[in-house]
Amino acid sequence: MKKIIVDDISISPLIIGTGDLSKMNGTWILDEFVAAGGTTIDMAYQYTNSEVIIGQWMKEQHNRDQLILLSKCAHPLKGETTPRVHPEAITHDLQISLERLGTDYIDLYALHRDDESVPVEPIIDTLNKHLSQGLIRTFGASNWSYQRIQQANDYAERQGLKGFTFNSPNLSLAVALEARWPGCVSADEDTVQWHNNNQLPLLSWSAQAGGFFSGAFSPEDRSNDEMVRVYYSDPNWERYRRAVILANEKQVTPTQIALYFVLHRPFPTAAIIGPRSSEELAQSFEVLSLDIHEADLQWLNLERDERS
């Protein structure tokens, strides 16, 4: 399996999301993910019970050293909207996450949200302190604009400190029309170009666009308000139409085509997936064996009108 390198840390291109782990009736999905070759698990201080469940599972499996843990901090507390992107919240959330997980360190640590009223300097200073303490191996941002990441990294470079080594916004074949949830960021054309220029790894959440390519939605069916608001557009329906054509040729599903697109950008990418069954998990891993020409990917993304 091809690996993605984040600050000398090797991660699997597929990352298992655990936002709903407490609803999954056990840790079977983690067992199957690891058995298939996956190593990297996405979680957050904000995800109710997930870190506790993962910590107990790792203790039972004795597999902490075989895993790469990605956790996040500084999200507004449940039921609140007050930003918590400050040194005290970062330190608090990290300490609690370490306790829940029963581990001495977290491999990849990310800011779950941003608050642009907070200067980047104390945030970078705090994360570097935890880095020097060995509590985290590297850190990045989730749902930060690339401009803020660049600002933070410029400060880190001037001070001889570590900056953000990865970014984790939404990136998918279906282009989000607006934020799916408050405070979230989707990679627009400028963000993609910024990643292409600096080759900073992008770990995409909702890489499969919330099931947009599953066939469960259509332009006529507007019953799902969130999907209509975020993904319903003529360009996205054209992307879906082309994904169906490619899927039929490759004898896979349009969702698999959409996942392949995210994993084959001109900069390092990984995809956070949320399979709800063994079949969906297996289909995600099948994508790693696909081979689609770059010209077809450009056509898929409406960058060219005709296939070569």
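Tutor: Let us begin with a pair of strands. Strand β4 (residues 40–42) runs parallel to strand β5 (residues 68–73), and 3 bridges join them. Helices (H or I, at least four residues) and strands (E, at least two) are DSSP runs, numbered from the N terminus, and two strands pair if DSSP finds at least two bridges between them. In this pair, I41 stands opposite L69 of β5.

Student: What kind of model is this, and how are its residues numbered?

Tutor: It is a predicted model, in which local features need pLDDT of at least 70 and side-chain atom pairs count only at pLDDT 80 or more, while totals for chains, interfaces and linings use all residues. Residues are numbered from 1 along each chain as its sequence is written, and side-chain values use heavy atoms, with hydrogens and water left out.

Student: In what order do the strands of the open sheet stand?

Tutor: The open sheet has 7 strands in the order β7-β6-β5-β4-β3-β9-β8, and their pairing is parallel. Because β7 (136–141) and β8 (202–204) are at the edges with a single partner strand each, one side of each has no neighbour in the sheet. Ignoring direction, neighbouring strands are turned by 25° against each other on average.

Student: Which strands does β3 pair with, and over how many bridges?

Tutor: β3 runs parallel to strand β9 (residues 269–273), with 3 bridges between them, and I16 stands opposite I273 in β9. β3 is also parallel to β4, again through 3 bridges; here G17 has D42 of β4 as its bridge partner.

Student: Which helices lie on the sheet, and at what angles?

Tutor: Axes are lines fitted to C-alpha atoms, for helices over the stretch in contact, and angles run from 0 to 180 degrees between N-to-C directions. Contact means heavy atoms within 4.5 Å. Helix α1 lies across β3 (14–17) and β4, at about 170° to β3. Helix α3 (residues 87–101) packs on the sheet and touches β5, β6 (106–111) and β7, its direction making about 145° with that of β6.

Student: How is the packing of two helices described?

Tutor: Two packed helices are described by the angle between their axes and the distance between the axes. Helix α1 (residues 28–35) packs against helix α10 (residues 278–286) at about 25°, with the axes 11 Å apart. The two are therefore roughly parallel; angles under 35 degrees count as such, over 145 as roughly antiparallel, 65 to 115 as roughly perpendicular and the rest as oblique. W28, I29, E32 and F33 of α1 meet S278, L281 and F285 of α10.

Student: How do α2 and α3 compare with those classes?

Tutor: The axes of helix α2 (residues 50–61) and α3 come within 7 Å and cross at roughly 40°, so this pair is oblique. The contact involves E51, V52, I54, G55 and M58 in α2 and S97, R100 and L101 in α3.

Student: Is A243 buried or exposed?

Tutor: Buried means under 20% relative accessible area, exposed over 50%, partly exposed in between (1.4 Å probe, protein chains only). A243 has 0% relative accessibility and therefore counts as buried. This residue lies in helix α8 (residues 234–250). Apart from its neighbours within four places in sequence, A243 is in contact with F213, P254, I257 and L300. The C-alpha atoms of A243 and W299 are 9.7 Å apart, although 56 residues separate the two along the chain.
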